[in-house]
Amino acid sequence: MDDTEPKKKTTSSVHDVGAEKPPFGSRFLTDDADVWSQNAWDHVPPPDDQTEIIAKSLAKQRLAPVPIEEKQKYNDKPAKHWDNFYRNNASNFFRNRKWLHNEFPELVAATQAEAGPTTIAEIGCGAGNSVFPLLSANSNPYLSLYAYDYSTHAVKLVQTNPLYTSTPVGSIQAAVWDVTSANGLPSGIEPGTVDVVILVFVMSALHPDEWGRAISNIHKMLKPGGVAVFRDYGRYDLTQLRFKGGRLLEDNFYIRGDKTRVYFFELDELAWLFTGSRVASTQKTTDTTQVMEESGDDGHADNPMSDSLSPTPGINQEPGSVLPIDTVLSSASTVTQDSAGTLRREEDSPTFPPSTCVHPNLLLPFPGCPLHPLFTIEQLGVDRRLLVNRKRQLKMYRVWMQGRFRKL
């Protein structure tokens with residue numbers, strides 16, 4: 001087997017469902033014997049037994065949910081738990097999100113020398129793994145970056161980064177702020193002044209009761225026509241299926257061993273969240289597949305050592321084994337709408353159990369939030385990948401949601 005390091009992918013593999021063929025550059029696995037020969041294969045379907053794996057995992061979790069009397073303590077002061085997390089993990093625990101330039105062209109355009117005055121705000125900035133790659137690539141002297149997190153320790157990590165203290169081009173400011181705040185926008189940001197808001201593994205950390213205030217604040221800070229770029233956990237991601245008993249707070253919402261929370265989204269939920277309705281058949285729904293370094297985008301995203309995880313039924317994993325990843329394979333899903341208006345996609349095929357669940361909070365107007373529609377969907381898709389350890393020949397399926405939402 002040739003272990004030569006392959007070239008990194010430099011373009012997104014977003015496949016519009018209206019397009020006959022995937023974009024140029026996609027790798028297709030035509031012979032299963034070749035699966036271990038490359039770092040990436042696009043549009044690889046899940047195994048036939050994935051339905052059984054999902055059903056077994058969810059059934060075990062529902063047998064031992066978080067006791068009712070303990071739920072409140074996990075939802076109180078979530079910033080404290082993220083503070084503890086960042087305090088216990090050095091900033092080099094996280095890898096910079098170098099894939100952002102492939103997926104969100106708005107960010108690349110903002111860093112060009114001729115871009116002019118542009119304001120980008122990252123919500124839930126963590127250790128700065130989105131803003132610092134932008135700052136490193138920036139040639140725009142009029143680019144203003146703002147980094148916000150409700151973890152005081154995370155903000156300190158940003159403020160002590162050399163790129164923060166000696167910014168080469170443009171400017172950056174970091175501050176503690178909770179996107180669910182009922183007290184308005186952070187200091188330095190006036191309503192309607194932000195061009196792009198970055199939301200990467202942010203909404204999943206919030207309780208569903210907090211979604212409305214978050215969307216209201218995001219909408220308020222964006223300019224008319226401004227864009228929110230989004231990436232987060234998808235329904236039936238490996239991380240969801242591997243949670244042990246005693247972690248389930250409510251359907252698709254979990255507490256990790258470090259007391260941070262995580263929700264796993266469906267496409268329709270994201271459409272409801274940003275637009276107040278489900279995906280329409282005329283909207284651009286895409287399948288996103290790209291190669292990027294797999295290491296804790298939110299501090300947990302790809303950490304197989306997390307104590308909140310356990311082996312998934314049906315996955316070939318030795319007890320207690322560590323799962324380093326060195327190969328990424330991707331698969332696409334499709335979205336169609338039947339005559340009754342019901343969305344059907346890959347999850348609704350025999351490969352996946354039906355997944356029509358939309359959180360009830362999304363079906364009513366959010367308290368204190370302007371009435372929908374607030375955004376239009378420019379992109380909404382699934383990044384479904386098979387992560388492979390070539391050395392040990394282990395396979396793990398991941399699911400992420402990705403979207404771009406433009407303020408009306």
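Guide: Happy to! Let me begin with the cysteines: a search of the whole structure turns up 0 disulfides. Please remember that this is a predicted model. C125 has a relative accessible area of 2%, which is under 20%, so C125 counts as buried. C369 is buried as well, because its relative accessibility of 10% is also under that 20% cut-off.

Now to the part I would pick for you, strand β3, which covers residues 143-149. This strand is mostly covered, with 7 of its 7 residues buried. Let your eye follow the side chains. L143, L145, A147 and D149 point one way from β3, while S144, Y146 and Y148 point the other way. Both sets are buried.

Next, the partners of β3. Strand β2, residues 118-123, runs parallel to β3 and is joined to it by 6 bridges. To find the pairing on your screen, look for I120, which stands opposite L145 in β3. Helix α6, residues 131-137, belongs to this picture too: β2, α6 and β3 together make a right-handed β-α-β unit.

Strand β4, residues 171-176, is another partner, again parallel to β3 and again joined by 6 bridges. Here the residues to look for are Y146 and, opposite it, Q173 in β4. In general, strands of a sheet pair through backbone hydrogen bonds, either parallel or antiparallel.

For the antiparallel kind, turn to another spot in the chain. There, 3 strands form an open sheet in the order β7-β8-β9, with antiparallel pairing. Its edge strands are β7 (248-250) and β9 (261-263), each of which pairs on one side only. Neighbouring strands of this sheet are turned by 30 degrees against each other on average, direction ignored. Strand β8, residues 253-255, pairs with β9 over 3 bridges, and I255 has R261 in β9 as its bridge partner.

Finally, a word on confidence. The chain averages a pLDDT of 77, and 69% of the residues score at least 70. Residues 1-6 fall below 50, and this stretch has 4 contacts beyond near neighbours in sequence. Residues 301-355 are also below 50, with 172 such contacts in the model. Where pLDDT is low, the predicted coordinates should not be read in detail.

Note on methods: Residues numbered from 1 in each chain as written. Predicted model: local features only at pLDDT ≥ 70, side-chain atom pairs only at ≥ 80, totals over all residues. Heavy atoms only, no water. pLDDT = per-residue confidence, 0-100. Contact = heavy atoms within 4.5 Å. Pairing = 2+ DSSP bridges. Helix = DSSP H or I, 4+ residues; strand = E, 2+ residues; numbered from the N terminus. Axes fitted to C-alpha atoms, helices over the stretch in contact; angles between N-to-C directions. Disulfide = S-S within 2.5 Å. Buried < 20%, exposed > 50% of the residue type's maximum accessible area, 1.4 Å probe, protein only. Right-handed = clockwise from strand over helix to strand, strands pointing away.
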